[in-house]
Amino acid sequence: MAIREIRHYPDSVLTQKGEEVTSFDADLQRLIDDMVDTMYAAPGIGLAAHQIGLALQLFVIDGAVKDPEHPIIVMANPTILSQEGEVIDEEGCLSLPQYVDHVKRAEKIALAGRDRNGEPFTLEGEGLLARAMQHEYDHVQGILMLDRLSPLKRSLYVKRVKKLEKIRAHEPAVAG
Ligand code: CO
């Protein structure tokens, strides 16, 4: 088990559509364990494979957002079965550091997918779980929270990132 580096916007992997998971082998089990470790270390409540550099349809969610006793949720190859309602609430993303904004999401959602052993299952969520499910579902499609914001808010964030990149580029190299 290991903590992996989290990719930040504008890393191009974040905007790629994920490949379907086809092999639920030992390598995948290790990858899932690393994703869980990386999520907890961040700390975050969910993490998609894209965020550690792999464009795969795979995400994990801290089950505690459903109830304190709930185990980790692992889902591969998610599809949307149903969604209803609308709610606007605060949201953040480990790939968009130091940024929180209000995002409109469905109030309830049901996803179908595969668990870590490749077995099909469905996951229903509302509240924070529904929000996390939609956020991670988006990630594996190559969609970021930024894409759910108004064009103005999106462009303000993009400008901010570009400015920070410029500042960093002008910093002298650190020796040692
Ligand atoms: Co995110």
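This is a predicted model: local features need pLDDT of at least 70, side-chain atom pairs count only at pLDDT 80 or more; totals for chains, interfaces and linings use all residues.
Student: What makes the backbone of glutamine 98 worth a look?

Tutor: Its phi is positive, about 55 degrees, although glutamine 98 is not a glycine. Most residues other than glycine have a negative phi. Glutamine 98 is found in strand β5.

Student: Why are tyrosine 9 and tyrosine 157 called an aromatic pair, and what is their geometry?

Tutor: The structure holds two aromatic pairs. In one of them, tyrosine 9 and tyrosine 157 lie 6.0 Å apart, centre to centre. Rings pair if their centres lie within 6.5 Å, so these two pair. The angle between the planes is 55 degrees. Stacked needs under 30 degrees and edge-to-face over 60. Therefore this pair is tilted.

Student: What does that pair tie together?

Tutor: Tyrosine 9 lies in the segment before α1, and tyrosine 157 in helix α3, residues 151-169. So the pair ties together parts that are 148 residues apart in sequence. Both tyrosine 9 and tyrosine 157 are buried.

Student: How do you know that tyrosine 99 and tyrosine 157 pair?

Tutor: Their centres are 4.6 Å apart. The limit is 6.5 Å, so they pair. Their planes are 55 degrees apart, and the pair is tilted. Tyrosine 99 lies in strand β5, residues 96-105, and tyrosine 157 in helix α3, so this pair ties together parts 58 residues apart in sequence.

Student: Why are tyrosine 99 and tyrosine 157 called buried?

Tutor: Tyrosine 99 has a relative accessible area of 12%. Tyrosine 157 has 4%. The cut-off for buried is under 20%, so both count as buried. Ring pairs link Tyr9, Tyr99 and Tyr157 into a cluster.

Student: What makes an atom a donor to the cobalt ion, and which residues supply donors?

Tutor: Donors are N, O and S atoms within 2.8 Å of the metal. The cobalt ion is coordinated by Cys93 (SG), His135 (NE2) and His139 (NE2), at 2.0 to 2.2 Å. Those distances fall within the limit, so these atoms count as donors. Along the chain, the spacing is C-x41-H-x3-H. Cysteine 93 lies in strand β4 and histidine 139 in helix α2, so the pair ties together parts that are 46 residues apart in sequence. Both cysteine 93 and histidine 139 are buried.

Student: How do you know that β6 and β7 pair?

Tutor: Two strands pair with at least two bridges between them. Strands β6 and β7 have seven, in the antiparallel sense. So they pair. Arginine 114 stands opposite proline 120 in β7. The two strands form a hairpin with five residues between them. In the turn, glycine 118 has a positive phi of about 90 degrees.

Definitions and conventions:
Residues are numbered from 1 along each chain as its sequence is written. Side-chain values use heavy atoms; hydrogens and water are left out. Helices (H or I, at least four residues) and strands (E, at least two) are DSSP runs, numbered from the N terminus. Donors are N, O and S atoms within 2.8 Å of the metal (3.2 Å for Na, K and Ca); water is not among the atoms, so sites may look incomplete. Buried means under 20% relative accessible area, exposed over 50%, partly exposed in between (1.4 Å probe, protein chains only).
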